[in-house]
Amino acid sequence: MDFAKLMSAQIKKGKDAAAPSEPNKKYLKRSEIEAQRQAAYQAEQDAAERARREKSERKRKAEEDEAEREEERKEKRRRFAEESRRIWDQEEEAEEQRRRKRLGLPDLPPKKKEGEDDGTPVPEDEDIQDEELVEKLRALDEPARLFGESHKQRLRRYKKRVGADNLAAIMTDGPIPTTLQLVPEKDMKIEPQVPKDKEGREFLFRQLASYFTMVLKEWDATLARRDREVIESYQGQQAYAAMVQARENMRPLFKKLEKFDLPDSILEPVVEIVLAAQERRYVDANDGYLRLSIGKAAWPIGVTMVGIHERSAREKLHESDKNAAHIMSDEITRKFLQSIKRCLSFAQTRWPPTDQLQLMG
């Protein structure tokens, strides 16, 4: 065998064996390292994005499933409530039928379905032509026609809206809306004695409502005329909150004035307070407020009964309503009495007295 051919075959064989191990070479270029780093980073980002999408898809699917289950639960509760209500109505109707049968009363008339119109015709003097009724509803910014609505139902809806508008028309637009017809300022001066006749008492209630409305309006306007720095300060906000609280607490008093059911034990001291405030005698008005709120009755302190017999001094604890402490009656009375006192405090700053001795402390 030729030695040269043998050596060349061995060299070729060594080159062929070294060719696959070329990627594991000891030294790499910087571009190759950067390419490997970018490839590894991109693979990591792709894996993270796939994991994020899979997690978001699982979460969305879980939320959809939970929403479907919640909708099914709501539908079951609604059906159960309707079924329970229907069964309850049927039991009540059956009980009423048995009671009527036992007492010999006529049976109940069959119930009408919701939205079903009864067969009674509309009186001619109350009926309105459909075209005219539609125009009137549109003028009131109401829907001209509702789905499945009959002419009688449309007429009833129009009358209900007109009635609400008329009620709103007779309500005053003052700080406390009221149905009482307020009197002008020249007619607000009240008499010292509470009238006994109905017409005089109603006019007195209108005078009281007019006076307190005027005081609350002036109070609100005075606070609004302050500087911006004063309004935004803590003291300014506290003063405005006191005015709002006094206005809200006086609403029950206006309700009593509207119903003309204010008892004389409270009406007479209030008349005394308002009369003194109108005459700018604020010290006298404050005395009347103290008599109204605290009263003259003895306030027991400590042990009030040490024996088994009733003492004559104990009878003074419950003499009459005139001496009673109305501020202790209930929470509503206490609040509007305190609001009257706050109105007095503002009135003496808005309409100061000519005699400085009549200023409250």
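## Overall surface and fold

The accessible surface of the protein chain comes to about 26700 Å², with 53% of it belonging to carbon and sulfur atoms; the areas come from the Shrake-Rupley method with a 1.4 Å probe, and for residues only the protein chains shown count as cover. This is a predicted model, in which local features need pLDDT of at least 70 and side-chain atom pairs count only at pLDDT 80 or more, while totals for chains, interfaces and linings use all residues. Residues are numbered from 1 along each chain as its sequence is written, and side-chain values use heavy atoms, with hydrogens and water left out.

The protein chain has eleven helices and zero strands, where helices (H or I, at least four residues) and strands (E, at least two) are DSSP runs numbered from the N terminus. Of the 361 residues in the protein chain, 24% are buried (buried means under 20% relative accessible area, exposed over 50%, and partly exposed in between, with a 1.4 Å probe and protein chains only). Among contacts (heavy atoms within 4.5 Å) between residues at least 6 apart in sequence, 61% join residues at least 24 apart.

## Nonpolar cores

A nonpolar core is a set of buried Ala, Val, Leu, Ile, Met, Phe, Trp, Tyr and Cys residues joined through side-chain atoms within 4.5 Å. The largest one has 46 residues, and those with the most contacts inside it are L208, F212, M250 and I340. Two or more residues are given to this core by each of α5, α7 (234-249), α8, α9, α10 (282-293) and α11, and α5 gives the most, with eleven residues.

Leaving aside neighbours within four places in sequence, I340 is in contact with F212, M250, L253, V270 and I273. A second, separate core of five residues includes I128, L133, L137 and L155.

## Aromatic pairs

The structure holds four aromatic pairs; rings of Phe, Tyr and Trp (its six-membered ring) pair if their centres lie within 6.5 Å, and planes under 30 degrees apart count as stacked, over 60 as edge-to-face and the rest as tilted. The rings of F205 and F260 are stacked, because their centres are 5.6 Å apart and their planes stand at 20°. This pair links distant parts of the chain, with F205 in helix α5 (residues 198-224) and F260 in the loop between α8 (251-259) and α9 (264-278), 55 residues apart. F205 is buried, with a relative accessible area of 0%, whereas F260 is partly exposed at 35%.

The rings of W219 and F346 have their centres 5.6 Å apart and their planes at 10°, so this pair is also stacked. Because W219 lies in helix α5 and F346 in helix α11 (residues 331-350), the pair ties together parts that are 127 residues apart in sequence. W219 is buried, with a relative accessible area of 10%, and F346 counts as buried at 8%. Together with W351, W219 and F346 form one aromatic cluster.

S210 has its place in helix α5 and is buried, with a relative accessible area of 2%. Not counting residues up to four places away in sequence, S210 touches L182, V183 and M188.

P195 lies in the loop between α4 (151-170) and α5 and is partly exposed, with a relative accessible area of 23%. Apart from neighbours within four places in sequence, P195 is in contact with G200, R201 and L204.

## Annotated span

In an unreviewed entry, UniProt lists residues 134-160 for "domain: Pre-mRNA processing factor 4 (PRP4)-like"; UniProt positions are given in the numbering used here, feature names are shortened, and annotations may be inferred rather than shown by experiment. The end C-alpha atoms of residues 134-160 lie 15 Å apart, and the span is 59% helix and 0% strand.
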